Amino acid sequence: MKIPVLRNILSANDAIARRNRERLEEHGILAINIMSSPGAGKTSLILQTINHFKSKARVAVIEGDVASQIDADKVSQQGAPVVQINTDGGCHLEANMTASALDNLPLEQMDLLLIENVGNLICPAGFALGEDKKVTLLSTPEGDDKPYKYPTIFVESDVVLVNKIDLLPYLDFNLEAFKKAVTGLNDKVKILQVSCKTGEGLEAWFSWVEREIGKKKKRHR
Ligand SMILES: Nc1nc2c(ncn2[C@@H]2O[C@H](COP(=O)(O)OP(=O)(O)OP(=O)(O)O)[C@@H](O)[C@H]2O)c(=O)[nH]1
Ligand SMILES: [Mg+2]
């Protein structure tokens, strides 16, 4: 009896996600759903990305957290429009929350929307928000076996960022084993190695984002 209920929830979510996608499409805004475990570096990546694009593209952010507006405050300090969503215990963002956030963002003045999902390697992968791309961060202290334990998020992702590579000398994280595990699940995924602390590897991330913004604008014209 529970299965049809779950289907209804997911199809309702998908319907709202489609409307979000249409809304973003109308304005030519590229939307990226950023997912990871708590503390893997989502906010750090967002802050680096805002900083890089400040004279190149207009970036806005949706921050998803169970509680607090700590991350939204950091984004706001960088001058980007931001909406904080508190899920009050919910372990992922849903499309209806994203729709409300879109109501509160200056869509006419945006090129890129970065959505920081709730820190969780499981549930966020199951809920479409209306994004164009899904990006997962996996930080090196979490271990290279995570694709085997939490496969769905890696299957769903367009890009996987291995973050905190500056810590590799102190860990037994095996980069090649991790890449093999991810590509075994998803042979189309792009894997980038970065440090949001030192900036190493971020140029490749910025280039990918820039290309995707360009593609979105082209489709919009
Ligand atoms: N050494 C190192 N630390 C990093 C790196 N990226 C982020 N951190 C640190 O990791 C901690 C967590 O980073 P956040 O960016 O807040 O992580 P998050 O994924 O947004 O965390 P939640 O929002 O709580 O899920 C902070 O202390 C960061 O300074 C990195 O590349 N290397
Ligand atoms: Mg954060």
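An oxygen atom of ligand 1 is 2.9 Å from an N or O atom in the side chain of Glu116. The protein covers 70% of the 650 Å² of accessible area that ligand 1 has on its own. This is a predicted model. The space that ligand 1 takes is the largest pocket.

**Contacts with ligand 1**

- Asp166 places a polar side-chain atom 2.8 Å from a nitrogen atom of ligand 1.
- Cys196 uses its backbone: an N or O atom there lies 2.9 Å from an oxygen atom of ligand 1.

**The shell around ligand 1**

- Ligand 1 is surrounded by 19 residues.
- The closest are Lys42, Thr43, Ser44, Asp166 and Cys196.
- By type, the shell holds 4 nonpolar, 9 polar and 6 charged residues.
- Helix 2, residues 42–53, gives the most to this shell, with 3 residues.

- Most residues other than glycine have a negative phi.
- Ser68 is not a glycine, yet its phi is positive, about 80 degrees.
- Ser68 sits in the loop between strand 2 (59–65) and helix 3 (70–77).
- Ser68 has 33% relative accessibility, so it counts as partly exposed.
- Lys164 is not a glycine either, and its phi is positive at about 65 degrees.
- Lys164 belongs to the loop between strand 6 (159–163) and helix 7 (175–185).
- Lys164 counts as partly exposed because its relative accessibility is 24%, and buried would mean under 20%.

Methods
Residues are numbered from 1 along each chain as its sequence is written. Chains are lettered from A and ligands numbered from 1 in the order in which they are written. Side-chain values use heavy atoms; hydrogens and water are left out. A residue is near a molecule or strand if one of its heavy atoms lies within 4 Å of it. A polar contact is a pair of N or O atoms within 3.5 Å; within protein, one must be able to donate a hydrogen and the other to accept it, and residues adjacent in sequence count only if both atoms are side-chain atoms. Accessible areas come from the Shrake-Rupley method with a 1.4 Å probe; for residues, only the protein chains shown count as cover. On a 1 Å grid over the protein atoms alone, a cavity is a set of points where a 1.4 Å probe fits but cannot get out, and a pocket is an open set with protein on both sides within 12 Å along at least five of seven lines; lining residues have an atom within 4 Å of a point. A molecule sits in a cavity or pocket if more than half of its atoms lie within 2 Å of its grid points. Helices (H or I, at least four residues) and strands (E, at least two) are DSSP runs, numbered from the N terminus. Ala, Val, Leu, Ile, Met, Phe, Trp, Tyr, Cys and Pro count as nonpolar, Asp, Glu, Lys and Arg as charged, and the others, Gly among them, as polar. Buried means under 20% relative accessible area, exposed over 50%, partly exposed in between (1.4 Å probe, protein chains only).
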